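Here is a friendly walk through a structure, with charged pairs and nonpolar cores as its themes. Have your viewer ready and follow along.

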Amino acid sequence: MSSKRTIYIVEDETHIQELVKYNLEANGYGASAFSSGEEMLSYCESIIPDMFILDIMLPGIDGYEILRRIRQNTKLKTLPVIMLTAKGEEFDRVLGLELGADDYITKPFSIRELTARVKALFRRSN
């Protein structure tokens, strides 16, 4: 069994998906990218990750609904979640955090900052 931490990324913009996945893997994490929340949640039925990075504006269910479902699922509810989204208004940030996100990063974002926040969340969750 590998001790590599796995992160599921839900992002419908291919270039952002690839950028995040590439940089997480370059920092020693396993990363799987999904274009929709439905796809990612069905994948969680067989393989549970160590963290989620969620966009809010997605086709199908949005990131807030994905977050609600994660927090209601007994196997997933304690896992760290970072919201990574263009929705940067105070209302959106507060809603994301109140629904259970552990961190909230707005686009455009620094990939180095995202990686540092991932490391910090894993440190805290150990």
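## K87 and its partner

K87 counts as partly exposed, at 26% relative accessibility; the scale used here calls a residue buried under 20% relative accessible area, exposed over 50%, and partly exposed in between (1.4 Å probe, protein chains only). The side chain of K87 meets that of D92 in a salt bridge, 3.9 Å from N to O. A salt bridge here is a side-chain nitrogen of Lys or Arg within 4 Å of a carboxyl oxygen of Asp or Glu. D92, for its part, is buried, with a relative accessible area of 9%.

Before going on, a word on the model: it is predicted, so local features need pLDDT of at least 70 and side-chain atom pairs count only at pLDDT 80 or more, while totals for chains, interfaces and linings use all residues. Residues are numbered from 1 along each chain as its sequence is written, and side-chain values use heavy atoms, with hydrogens and water left out.

Where does K107 sit in the chain? Its place is the loop between β5 (103-106) and α5 (111-125); helices (H or I, at least four residues) and strands (E, at least two) are DSSP runs, numbered from the N terminus. K107 and K87 are 20 residues apart in sequence and 7.8 Å apart in space, C-alpha to C-alpha.

K107 is buried, with a relative accessible area of 15%. Leaving out residues up to four places away in sequence, K107 touches E11, E13, I16, D55, L84, T85 and A86, where contact means heavy atoms within 4.5 Å.

Side chains of opposite charge can pair when their charged atoms come close. The structure holds ten salt bridges. In one of them K107 pairs with E11, and the closest N and O atoms are 2.8 Å apart. This pair links distant parts of the chain, 96 residues apart: K107 is in the loop between β5 and α5, and E11 is in the loop between β1 and α1 (14-26). E11 is buried too, with a relative accessible area of 2%.

The side chain of K107 also makes a polar contact with the side chain of D55, at 3.5 Å. A polar contact is a pair of N or O atoms within 3.5 Å; within protein, one must be able to donate a hydrogen and the other to accept it, and residues adjacent in sequence count only if both atoms are side-chain atoms.

## R71 and D102

Another salt bridge joins the side chains of R71 and D102 (3.0 Å, N to O). It too links distant parts of the chain, with R71 in helix α3 and D102 in the loop between α4 (90-98) and β5, 31 residues apart. Are the two partners buried or exposed? R71 is buried, with a relative accessible area of 19%, whereas D102 counts as partly exposed at 36% relative accessibility.

## Nonpolar cores

The largest nonpolar core has 21 residues, and those with the most contacts inside it are M40, F52, L54, I66, I70, V81 and M83. Such a core is a set of buried Ala, Val, Leu, Ile, Met, Phe, Trp, Tyr and Cys residues joined through side-chain atoms within 4.5 Å. The elements giving it two or more residues are β1 (6-10), α2 (37-44), β3 (51-54), α3 (63-72) and β4 (81-85). Of these, α3 gives the most, with four residues.

Apart from this core lies another, of 18 residues, among them I9, Y29, M51 and L114.
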